[in-house]
Amino acid sequence: CRGTLASCLAAHICFSLPLPMLCLSENLLVVTVATKETDGFRRFLRSAKHFNYSVKVLGQGLKWEGGDYMSAPGGGQKVRLLKAALDQMKDEDQIILFIDSYDVIFASDPRELLKKFKQAKHKVVFSSESLIWPDRHLEDKHPHVREGNRFLGSGGFMGFLPNIKEMISNWTGADSDSDQLFFTRIYTDPAKRKSINITLDSKCRLFQNLHGALDEVVLKFEDGRVRARNVLYDTLPVIVHGNGPTKLQINYLGNYIPNIWTFEGGCSVCDENLRPLEALQESEHPLVMVGVFIQQPTPFVTVFFERLLQLQYPKNRLKLFIYNQEAHHKHHVDAFLRDHGNLYENIKNIEPEEEMDAPSARNLLFELCRRDEGCDYVFSLDVEVVLKNDKTLKILIEQNLPMIAPMITRSGRLWSNFWGALSADGYYARSEDYVDIVQERRVGVWNVPYVSSVFLVGGSLLRSDLSDPELFSSDVLDPDMAFCHHVRRKGVFMFVTNMHTFGRILSTENYQTTRLHNDLWQIFENPVDWQERYIHQNYTLIMKDKLIEMPCPDVYWFPLFTNVACDHLVEEMEHHGKWSGGGNVDKRIQGGYENVPTIDIHMNQISFDKEWRKLLMEYVAPITEKMYPGYYTQALFDLAFVVRYKPDEQPSLRPHHDASTFTINIALNQVGLDYQGGGCRFLRYNCSVTAPRKGWALMHPGRLTHYHEGLPTTAGVRYIAVSFVDP
C-alpha cells in the first residue's frame, strides 16, 4: 500500500490484508464527552476496553451546560469540546469516532468497524434514524435512500480528521444549542455534504440507534458471542446507542453485549471488581444501616427476626432502623429489641403510635445515612422477605455495585422483587429474559429498571446522585415505584443478582390477626414457610425409610410436628377455652352421642378443619399409602380434635375401638416435663407406648384389630391431637 492511509482508503485498496488494517486500527481514536462518571459511562469504557479501543474523554470534571435533550434539543457543548480537541490534532490519517458514552456500548472490534467504514466509501459516516429530530421542516431536504433510514443521528459519526475539522469549523453555537440540528443542516446542504464527503449508515451496519427501531433489534447468540442484530436490514451493528427514550432498552442489551452473558460461559464479569470481606477484621467491615419495614399484618414475623439475627455480619457494624406501622406486631419488635437490641451499634425504632407514613420513614432512613459520614451502605428489608441465605448482606457488599438487590421470588409463582422491563406508562412489563432469570436458567447480575422489598444502596450514592430527600414521595406513584423512578432519572443502575439462592417473599393476602397464633392458618397461603415452621425437620427422612418405627404390630410412629407447632396448637385450644364436658351427649357430632367421650375441642370449633385436612393430605396420606400398601386415602376425617388429660379432670380413657379406618394420634407435649404417666396400650397385643415423643404421631388401624386404651395421666396436663380418618 503506497501513500497515506487516507488515500489508500479512498482508493479502496490494500485493506484485504491484515497489516494495513492493523495500521489503520492504530490510527482510530474514539472521542466522547463525559462531564460525569456515571454507571453508563463505566459500561461504555468497559465495552471499549473489551475490544481494545483507544478512547479520549472530553469534558471530565466540567459542568454540563448542554441541556436536557431527553425533553428538548441540546448538546452544543459536545461540539465545542470536540472542536477544541481536534484543533490540537495534526495527523491527517487520524480517523475519529465521535460518539455519546452514557448510553452506548460496543458490540464488536475496531477491525470490523473500520472494514464497514471503508465499505461506506465516504470520508464521514453518520449514524441514521427513522425519525427526524428536532426540526420536521427539514424532512424534505434529506436525500432519499434506496433502502434504510433516511435521517441523520448526531450521537455517532466517524471520519478522517481533516473532514471532521472542516465539518465543525463553523460552529459558533451556544452550549445549549442542538448538535443534532447543526449536523443535520450540514448534511441537508448538498454542497457541504459533497465537500465534506458525508453519508449515512442507513442500514445500521456501523451504528444502531434504538429510538424508533426497538422492534428491529434482537439479541443474536452465536458461538459464544452476543451481538445486536437488526432484523429489518439483517445487519450486525458495531455500536449500539440507546438514544432518546430508550435507556432501559440499552440497559437490557447491555446485560449481554459485549459477551457479558453467554449461554456457553454464563456471566463473564460477575466476579470482576469485587470487594472481598474475608480478610477484614470485624472493625474493618463497612458500616451498614439496616432498615426493617413493617407496613401490614405479616405472617412469621418472629421467624423474620430470627433470620435477621442470624445474618453473618458483625453486629457492631450494623445500625438498626425499624419502622413498624402495624400495632399487631409491636410485641414482636419489642421482644426482639429486648432480647437482642444490645448487640447492634445503634437502634432507631419508629412505632405505630408515631403515625409516620411509609414514604417518610423510608426517606428518613436514607437521610440518617447521609448525615452519618461513617455509613457505607443502607440495607433495606421489608418484613415479608424470607431471607434464607445468612450470607446475603456480605454477598451484596462484595459485588461492589452502587445499588443491588438479591433476587427473591414467591414460591410456585413467577412473581419476584424485580421487573425486567417497564410498560409505556411506567408499570410492570415482562422482558424477554425475565422467566429465564426468575427460574435461574440464566444466572448473573442483571441491570433492571425496578427492584423492591430488599436491596443494598451505597451511602456515597445517597450523598451524591441520590441526595434528594424525597426519593420515595409521590402524589401518583407508590413509594417503591417513586424511588425507582427517581433512580432511573438520575442514570443510576439498579442491579439484581440471582447468582445465589437468597430466599423468597411471603404472601400477605388474607392474613388474619384475630387469633392467638395466626401463622398456624398459613398452610394454604404460604405452604413452604408453614412447613418450615411447623413440620418436623426430620419428616422427609420418613419417605427414605430412615425414620419410622413400629412400636406395636401395625402401629407406626414418625415425627410430624415441630415443638413450635405443638405449643401453638395447645395454646390456641386453651385460648379458645371451650373444652367439652366429657359426657356422652355431644351435639358437635353426628347423632349427638359419643360412646367414648373425652375432654376435647374439635378443630372446626377454631375454624381449623380445612387446614387440618390439608395437613393430613400433604403429610399423612403419603405415609399411609407407604405403610399400608394398596390403601389410598383421601383424608376424609370424621373427627379431628385435641384431647386434654388431667388427673383431676379426665386422667385416662377406657378400652375402645375408634370409629375410623385408621387413627392419627399426635403428642403435643413432653412426658416427664409437662406431665407424668399417660400413653396408649393396645390390648390385643399387650403392647404399650408409654413415652410418646412430642410432635411424633402414632398411626394405627381404628376398627376391629386395635382395641386400645389411654393410660392414666398421674400429674400435670397431657395434650394429644387426634384424627379419625376414613377413605
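Which residues does Phe-418 touch, not counting residues up to four places away in sequence?

1. **The contacts of Phe-418.** In this predicted model, Phe-418 touches Met-407, Tyr-434, Ile-437, Val-438, Val-448, Tyr-450, Val-451 and Val-496, leaving aside residues up to four places away in sequence. As general background, nonpolar side chains tend to be buried together in soluble globular proteins.

2. **The largest nonpolar core.** Phe-418 is also one of the residues that touch the most other members of the largest nonpolar core, a group of 54 residues. A second, separate core has 46 residues, among them Phe-300, Val-386, Ile-601 and Met-627.

3. **Division into domains.** The protein chain is divided into domain 1 (28–258), domain 2 (282–505) and domain 3 (518–725). Between the C-alpha centres of domain 1 and domain 3 there are 74 Å.

4. **Helix α16.** After α16 comes Gly-491, which has a positive phi near 75°.

5. **Helix α3.** Helix α3 (residues 39–50) has 12 residues and spans 17 Å from its first C-alpha to its last, close to the 16 Å expected at 1.5 Å a residue. Its buried residues are Asp-39, Gly-40, Phe-41, Arg-43, Phe-44, Ser-47 and Ala-48. The partners against which the buried residues of α3 pack are β1 (28–33), β2 (55–58), β3 (95–99), β4, α9 and β23 (445–448). Just after α3, Asn-52 adopts a positive phi of about 65°.

6. **Cis peptide bonds.** Two bonds to proline deserve attention. Trp-133 and Pro-134 are joined by a cis peptide bond with omega of about 5°, and Pro-134 sits in the loop between β5 (124–129) and β6 (151–160). The bond from Ile-257 to Pro-258 is likewise cis, with omega near -5°. Pro-258 is located in the loop between α9 (247–254) and β12 (261–262).

7. **Positive phi in two loops.** Are Cys-204 and Asp-234 buried or exposed? Cys-204, which is not a glycine, has a positive phi of about 60° and is found in the loop between β7 (198–201) and β8 (207–209). Cys-204 counts as buried because its relative accessibility is 0%. Asp-234 also has a positive phi without being a glycine, near 55°, and lies in the loop between β10 (225–230) and β11 (239–241). Asp-234 counts as exposed because its relative accessibility is 54%, where the cut-off for exposed is over 50%.

8. **A sheet of three strands.** Strands β4, β11 and β8 form, in that order, an open sheet of 3 strands with mixed pairing. β4 (104–106) and β8 are the edge strands, each pairing on one side only. From one strand to the next, the twist averages 15°. β4 and β11 run antiparallel and are joined by 3 bridges; Val-104 stands opposite His-241 in β11.

9. **A sheet of four strands.** Another open sheet has 4 strands in the order β32-β38-β35-β36, with antiparallel pairing. β32 (653–656) and β36 (687–689) each have a single partner strand, so one side of each is left without a neighbour in the sheet. Neighbouring strands are turned by 15° against each other on average, direction ignored. Strand β35 (residues 680–682) and strand β38 (residues 708–710) are antiparallel and joined by 3 bridges. Arg-681 has Glu-709 in β38 as its bridge partner.

Note on methods: Residues numbered from 1 in each chain as written. Predicted model: local features only at pLDDT ≥ 70, side-chain atom pairs only at ≥ 80, totals over all residues. Heavy atoms only, no water. Domains from an automatic or database assignment. Core = buried A, V, L, I, M, F, W, Y, C linked by side-chain atoms within 4.5 Å. Buried < 20%, exposed > 50% of the residue type's maximum accessible area, 1.4 Å probe, protein only. Contact = heavy atoms within 4.5 Å. Pairing = 2+ DSSP bridges. Axes fitted to C-alpha atoms, helices over the stretch in contact; angles between N-to-C directions. Expected span 1.5 Å × (residues − 1).
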